[in-house]
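Q: Could you take me through this structure? I would like to begin with the ligand and then turn to the core.

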Amino acid sequence: MPKPTRSQGLEVRAIKWGVRHPGMVAVPAGLATAVTKSAVEWGLPTTSGIVGGALLGVAGWYRGHPASFDQVAAPWLRAFRRRWLTYVGRRWADILSDCDLVTVNRRTDAMAVPRILRVRSASPSIDTIHVRLNRGQTPSLFEERADALAHALLAQRVAVVKIKPQVIGLVIERENPFGADPIPAIDLPHDADEVDLGAIELGDTEYGTPWTQSFLGQHLFTAGATGSGKGSLLWSPLRGMAPLLRDRLVVPDVIDLKEGMETEIGAPLFHRRAIEWADAVSVVESFRDELKARQAVLREQGKRKFTPSVETPLRLLQIDELGMMTSYGPASEVRGVLKLLSEIMTQGRAAGFGVCGYVQEPTKDTVPIRELFTARVCLSVTSQSQVDMVLGDGMRLRGALADEIPLDPAHAGIGFVVEQGSCNPLRVRASFQTDQDIRDLVAFVTSGRPRLHAVA
Ligand SMILES: Nc1ncnc2c1ncn2[C@@H]1O[C@H](COP(=O)(O)OP(=O)(O)OP(=O)(O)O)[C@@H](O)[C@H]1O
């Protein structure tokens, strides 16, 4: 038999590599095969040129458009690297064996290691591995061993998610990217041109970049158990918009049915503030009436969209503990409130009327209008199912372990968001506003103008 040439030998080795490691995704084997095939057909110089060109293209993408690189290419490259360096054959087998998660055939004594089907790495600190269970194993066996597995993988925690019979997802949280100290409030912007309503800074992302949120044509939903830090997401948007509040290009209302405790200190910032049920209903009614009037004005002017101005400011309605309005209030009136809020939220976006709702309990029963919110933040919640309720189906499996965020000051304000255009959760931490920060904000906004607010 003729001896294979060097390039044929390479090709055979690449194919064998893929066959010998069947759990290890087809990508490397396919890639290696493609490269060797190209080397056989076009020669090494051409192939090196193509590979080099591709690498340069990736590097150019990274430098030229880091945001889209982070969203699209980085998760894929990270997953690839982790698959082949961290969760690779022998190492994976040893870890599972040490954690008692392998099975041994009684007849043949052969050890079977649960096979990795897929590795995803949505963020630098969270991986999700899909694993096929051996016959006789159950997801609860992995749940029992999750702590041991986390230590063996040098991770903070491992959560187990059932995907389908015999397949589980292991969500591996490698580290907490945020320190124990709160992220300080941003410096107060002084001029209106420093503020972009399409990107108000709320805190940091796990990449250490600013976490921004648009308030143009958006309704923001924030869910979190008591003590999770929802208050930060009430004050941070206002701080980010400070000069616009001062110049009346943004006019906020607030409903705070917890006896006004959360918002008392910043009361002068609000155009209307309600701390009792009857006033709260009238704030929602007035907000809807103003929306109707704004729509009429825009129609007369032949405009389909508002532009923030003193005559047509961005109107924000912040509702702390939204569940009190949409579920726990007097039964006879809750229906009317739901109708008003639905009207505002379905029609308000183009006219510049946004709603920010804050809830402890994000279920449909408590917040039937949940689906009308266009942006969502999930802070620490009390059950696994609440994560997908807030962020969308499958987000917990993709790494949003919001139910595992400890409810303590060192973790307050940490949560997950799913940015527009992305299908991966992003870990974020809201910046923290001390009482003094809120007082400074009030002083800045109200300086040189008569008090704006009128308690409804
Ligand atoms: N972004 C943050 N960073 C660090 N610590 C925070 C942050 N936000 C809040 N905290 C801390 O967590 C505590 C609870 O925060 P907060 O009152 O905002 O929670 P909450 O979710 O509004 O709770 P509740 O629903 O009971 O009002 C605060 O007293 C503060 O010490």
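Predicted model: local features only at pLDDT ≥ 70, side-chain atom pairs only at ≥ 80, totals over all residues.

Q: Which helix and which strand each supply at least two residues of the shell around the ligand?
A: They are helix H8, residues 230-240, and strand S17, residues 425-432. H8 gives the largest share of that shell, with three residues.

Q: And which residues come nearest to the ligand?
A: There are 15 residues around the ligand, and those that come nearest are Pro-182, Gly-229, Gly-231, Ala-412 and Gly-413.

Q: How does the shell divide into nonpolar, polar and charged residues?
A: Nine residues of the shell are polar, five are nonpolar and one is charged.

Q: Now the core. How many residues does the largest nonpolar core have?
A: It has 100 residues, and Val-171, Cys-378 and Ala-402 have the most contacts inside it. Helix H10, residues 277-300, provides the largest share of this core, six residues. Domain 1 (66-173) and domain 2 (183-455) each contribute at least three residues to the core.

Q: What is Cys-378 in contact with, leaving aside its neighbours within four places in sequence?
A: Its contacts are Ala-223, Val-387, Val-390, Leu-391, Ala-400, Ala-402, Gly-415 and Phe-416.

Q: One more topic: what does the UniProt annotation cover?
A: The unreviewed UniProt entry carries the annotation "domain: FtsK" for residues 192-388. That span is 37% helix and 21% strand, and its end C-alpha atoms lie 37 Å apart.

How values were computed
Residues numbered from 1 in each chain as written. Near = placed C-beta within 6 Å. Helix = DSSP H or I, 4+ residues; strand = E, 2+ residues; numbered from the N terminus. Nonpolar A, V, L, I, M, F, W, Y, C, P; charged D, E, K, R; others polar. Core = buried A, V, L, I, M, F, W, Y, C linked by C-beta atoms within 7 Å. Buried ≥ 20, exposed ≤ 12 C-beta atoms within 10 Å, placed from the backbone. Domains from an automatic or database assignment. Contact = placed C-beta atoms within 7 Å. UniProt positions renumbered as here; feature names shortened; annotations may be inferred.
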